[in-house]
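This briefing covers a predicted model.

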Amino acid sequence: MQQTTSISKRIAIKFHNIKGIYKKDPSAQKVEGQKEFQEYVQYLIERGMKINNLQMAQFKTRNNLPYLGLQTIEKIENDSILVSVPKELMLTTKIAYFSDIQEIFDAYPQFFCLHCAGGWQDRILLTYILYQSQLGKQSQWYHLISNLPRDIDYLIFWSDEELKLLNDEKLVQKSKRELQDFLIIQKTLTHILDQYPQYFKKETYSFDNIKWIFIHLVSRCFGSTLEQVAFVPFCEMFNHENTDVKYTGLYLENNINKPKEDKQQDTNQSDESDGDSDSYEQEDYQYPIEILQQIKNQKQKTPTYKLIEQELIQYQNQVNFQDPNAIEQLRLYQEKCNIRIDLQIQYLKNKRWFQENLNLRDNFTIIFVSKSLEYIQEQIKLYETDVLSYDQVSSILQSVEEKSELYLEYVKDYACEKLKEKSYQLKQFEFPEQPQGIETVEEMLKIAIPENIKPFETKEDWKEDLFDNFVIKCSNKDEFEKGAQAYFSYGKISNRSLLLRYGFTLEYNIYDYVEVKTQYIQYIPFASDIAQNFQLSKYKKFKIKYTKINDDLLMYFKILNWQYDQGISYLFDDIYDTTVIDQAINLIKSYHTENFKETLKCQQEKITDQNLNYHDYFALIYHVERQRIIEAQLEALQMLKCKIEKKDYGKQQFEWTSYLIEKFQD
């Protein structure tokens, strides 16, 4: 029977079963006492918050480290609302701005306003919560603030030794850059608040207090799709898992803004890019010396058609015009040279067409262009050696343009279907723009305010969310047993981004990936000058995931092996021979050899080691997940090769890898 459930969903279900998601957790223990938390919950319930059969409990990691979360008291049915919080209980940026300390925000728009500061809402909330924290029980946010734990952190605050455990230099460098950003924010805020002793006690904005609130803003706030960044009371207690539990806005019947048919959208959907895999890295654009020399020579080289013109002049200078035979030979030579010049101009026209119509920052396309230009020169050479006539070569060059147009149509479809891009765009004139780093308080406070821009909007102009209640809701797929941990999905997030945003990692994270790259620039001799002109990275990068054999990986090796006379449709027919698969296997194996020195079994056994602290534990999971993804991709590729060769693969290491080859033809 044909499977109707997607491969990703089938793998997600397997991972849920492996981890016991939705199932009763026998190790969980109800947290007794917690007077402040109970007062907090009671305060919220009295003001309209509703909680559906949830209680705070202590759970254990696989190596028995304790952590807090929410446990179901009774079975939770699908489509159920887990928590409903009246909008009035949310602490938003607008509330923080229009407060007793508004004059501070107005005095330093360079630090606090929308037009000058990235993360401006977090900075306003950070300052306001610090102010409210010193008011104690006099603050309307006392219960929220007093229940923000202090024993939390995330990746940027790990030690250098702990960061080394990740074995990911790119991630470590990103973490260190973000730490420097925090330190500038901390120093600048300290400088600003020093000017306002009437509002702030010195100890209120100590380094530790700023760090404490800053971490909660990064890891506990909601806001990517809300009108404003907000603390939503109680909801910060949910831990993350890849469930379908989402947050959304609930409209009451008497709300005039209620969408028709009560269409609630999933407000916390996010993409899978994480914003880091495709980030600009200067080293990617530093071509090898031999390629740079080749490009330099290409630029300095006299165009071929001009060289032919020079050949003709030299020939004419040697002709004896008194000899009729010599004159006839000159005529024939001129005719030949004119045709050669015409063919070289056609070559340049084809090259210009590629530049104007194709995305030359697409690695596949630049290889296609190089092979097309090489093919044209080969045909011209056949004319020059009298193998083909001018008409034959002209016809071939015309067919190159037609095939290039066909390639454009195919590659547009490929981009939309395989890469899920909304449209095929020419990106060759875009260069990754790098923000100027701010390194001192002085630089931060000298940021220019754009002319004719008001730093802050009037109270009436701030956009508000129109719903009545913020709710966390199960989908029709989420059903929690009694005694299970109730999870909420923060979004489709890789372990890399989980570390950078929240400080933890997940085993069997279906949205995790490993970036494998290969330097391909040496394979485009006829288009390396174009690649450099259009700022193309020298690397082709592949996101290797649990849920599929990477299409780009196979396509890359297919186009490297492609011969022009095989035609365009061959490139996009989703049929791969064993040569292509072997090359893909070798690239993944090379990555594996370079990055993983111990067996996966050995690494997995370490996860239960009770001597590991939290950072050790999450770093180990990060490493294990990467190794598991790579080995699963290797197994899937090897199974695909066996399928093509009509051989049995034998015993699988991973039970889900057989799903990944179902779409491929034998």
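The points below are grouped by topic.

The model is predicted, and it holds 31 salt bridges. Helix 12 and helix 13 are roughly antiparallel to each other, and strand 3 pairs in the antiparallel sense with strand 1 and also runs antiparallel to strand 4.

**Helix 12 and helix 13**

- Helix 12 spans residues 304-317 and helix 13 spans residues 324-357; their axes come within 8 Å and cross at roughly 170°.
- Angles over 145 degrees count as roughly antiparallel, and helix 12 and helix 13 are therefore described in that way.
- On the helix 12 side, the contact is made by Thr-304, Tyr-305, Ile-308, Glu-309, Glu-311, Leu-312, Tyr-315 and Gln-316.
- Helix 13 contributes Gln-329, Leu-330, Tyr-333, Gln-334, Cys-337, Arg-340, Ile-341, Gln-344 and Leu-348.
- Sorted by class, this contact has nine nonpolar, five polar and three charged residues.

**Strand 3 and its partners**

- Strand 3 (residues 54-60) is mostly covered, with five of its seven residues buried.
- Two bridges pair strand 3 with strand 1 (residues 29-30) in the antiparallel sense, and Gln-29 stands opposite Gln-58 of strand 3.
- Strand 4 (residues 66-72) is joined to strand 3 by seven bridges, with Lys-60 opposite Pro-66 of strand 4.
- Strand 3 and strand 4 make a hairpin with five residues between them, and Asn-64 in the turn has a positive phi of about 75°.

- Arg-331 and Glu-328 form a salt bridge in which the closest N and O atoms are 2.5 Å apart.
- Both residues, Arg-331 and Glu-328, lie in helix 13, three residues apart, which is about one turn of the helix.
- Arg-331 is partly exposed at 41% relative accessibility, and Glu-328 is partly exposed at 35%.
- Lys-336 and Asp-386 meet through their side chains in a salt bridge of 2.6 Å, N to O.
- Lys-336 is in helix 13 and Asp-386 is in the loop between helix 14 (363-384) and helix 15 (390-417), so this pair ties together parts that are 50 residues apart in sequence.
- Lys-336 is partly exposed, at 22% relative accessible area, whereas Asp-386 is exposed, at 61%.

**Other salt bridges**

- Asp-244 and Lys-9 meet in a salt bridge of 3.0 Å, N to O.
- This pair links distant parts of the chain, 235 residues apart: Asp-244 lies in the loop between strand 8 (239-240) and strand 9 (246-250), and Lys-9 lies in helix 1 (residues 7-19).
- Lys-9 counts as partly exposed, at 24% relative accessibility.
- A network of salt bridges links Arg-62, Glu-507, Glu-625 and Arg-628.

Key. Residues are numbered from 1 along each chain as its sequence is written. This is a predicted model: local features need pLDDT of at least 70, side-chain atom pairs count only at pLDDT 80 or more; totals for chains, interfaces and linings use all residues. Side-chain values use heavy atoms; hydrogens and water are left out. Axes are lines fitted to C-alpha atoms, for helices over the stretch in contact, and angles run from 0 to 180 degrees between N-to-C directions. Helices (H or I, at least four residues) and strands (E, at least two) are DSSP runs, numbered from the N terminus. Angles under 35 degrees count as roughly parallel, over 145 as roughly antiparallel, 65 to 115 as roughly perpendicular and the rest as oblique. Contact means heavy atoms within 4.5 Å. Ala, Val, Leu, Ile, Met, Phe, Trp, Tyr, Cys and Pro count as nonpolar, Asp, Glu, Lys and Arg as charged, and the others, Gly among them, as polar. Buried means under 20% relative accessible area, exposed over 50%, partly exposed in between (1.4 Å probe, protein chains only). Two strands pair if DSSP finds at least two bridges between them. A salt bridge is a side-chain nitrogen of Lys or Arg within 4 Å of a carboxyl oxygen of Asp or Glu.
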